[in-house]
Amino acid sequence: QPASSRASGRDNSRSFSQSRGSQREMSVANSKVQPLWKTWDSLAHKTGEHATVYHTNGDRYRGQYERNMRNGQGTLLYKNGNKYEGEFAGDKQHGFGTHWIAKDG
């Protein structure tokens with residue numbers, strides 16, 4: 001045991017870990033928690049042409065990005081089989097493009 005622990009007759013490491021734990025709880029309680037995939041996605045900094053990007057809802061996008069948003073030419077394949085190929089701006093379909101509707105059965 002360190003000299004300071006022996007002199008006071010208590011275990012300082014225990015009180016340190018308890019106070020440190022309460023600081024963590026406060027910081028988690030005060031901060032907005034977001035899903036880990038959102039953190040990773042924001043750190044990716046997608047700009048320019050990208051290979052297929054898979055979205056959590058099952059859609060797939062292949063095309064150009066600017067500041068993590070679909071921008072420019074691209075192809076969006078929906079989970080249900082529909083497809084949009086054309087222009088994007090601000091992460092939305094914008095400009096000229098073609099929609100294909102999947103035919104059932």
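Tyrosine 61 has 0% relative accessibility, so it counts as buried; buried means under 20% relative accessible area, exposed means over 50%, and partly exposed is in between, with a 1.4 Å probe and protein chains only. Before I go on, this is a predicted model: local features need pLDDT of at least 70, side-chain atom pairs count only at pLDDT 80 or more, and totals for chains, interfaces and linings use all residues. Residues are numbered from 1 along each chain as its sequence is written, and side-chain values use heavy atoms, with hydrogens and water left out.

Now the rings. A search of the whole structure gives three aromatic pairs. For the term: rings of Phe, Tyr and Trp (its six-membered ring) pair if their centres lie within 6.5 Å, and planes under 30 degrees apart count as stacked, over 60 as edge-to-face and the rest as tilted. One of the pairs is tyrosine 61 with phenylalanine 88, edge-to-face, with 5.1 Å centre to centre and 80 degrees between the planes. This pair links distant parts of the chain, since tyrosine 61 is in strand E2 (residues 60-66) and phenylalanine 88 is in strand E4 (residues 83-89), 27 residues apart. Strands here are DSSP runs of at least two residues, numbered from the N terminus.

Phenylalanine 88 counts as buried because its relative accessibility is 4%. Its ring also pairs with that of tyrosine 84: the centres are 5.3 Å apart and the planes are at 85 degrees, so this pair is edge-to-face. Tyrosine 84 is buried too, with a relative accessible area of 3%. Ring pairs join Tyr61, Tyr65, Tyr84 and Phe88 into a cluster.

What lies over the face of tyrosine 61? That is arginine 70, at 5.6 Å from the ring centre. The rule for a charge over a ring is NZ of Lys or CZ of Arg within 6 Å of the ring centre and within 35 degrees of the ring normal. Arginine 70 belongs to strand E3 (residues 69-77) and is buried, with a relative accessible area of 14%. Not counting residues up to four places away in sequence, arginine 70 touches, among others, Tyr61, Tyr65, Phe88 and Asp91, where contact means heavy atoms within 4.5 Å. A charged end also sits over a ring at lysine 83, 4.7 Å from the centre of the tryptophan 100 ring.

Next, the sheet. It is open, with five strands in the order E1-E2-E3-E4-E5 and antiparallel pairing; two strands pair if DSSP finds at least two bridges between them. Strand E1 (48-54) and strand E5 (92-100) are the edges, each pairing on one side only.

E1 and E2 run antiparallel and are joined by five bridges, and tyrosine 54 stands opposite arginine 60 in E2. E4 and E5 are also antiparallel, with six bridges, and phenylalanine 88 stands opposite glutamine 93 in E5. The hairpin of E4 and E5 has two residues between the strands, and glycine 90 there takes a positive phi near 60 degrees.

Last, threonine 98, in strand E5. Buried or partly exposed? Threonine 98 is partly exposed, with a relative accessible area of 38%. Leaving aside neighbours within four places in sequence, threonine 98 is in contact with Lys83, Tyr84 and Glu85.

Conventions
Helices (H or I, at least four residues) and strands (E, at least two) are DSSP runs, numbered from the N terminus.
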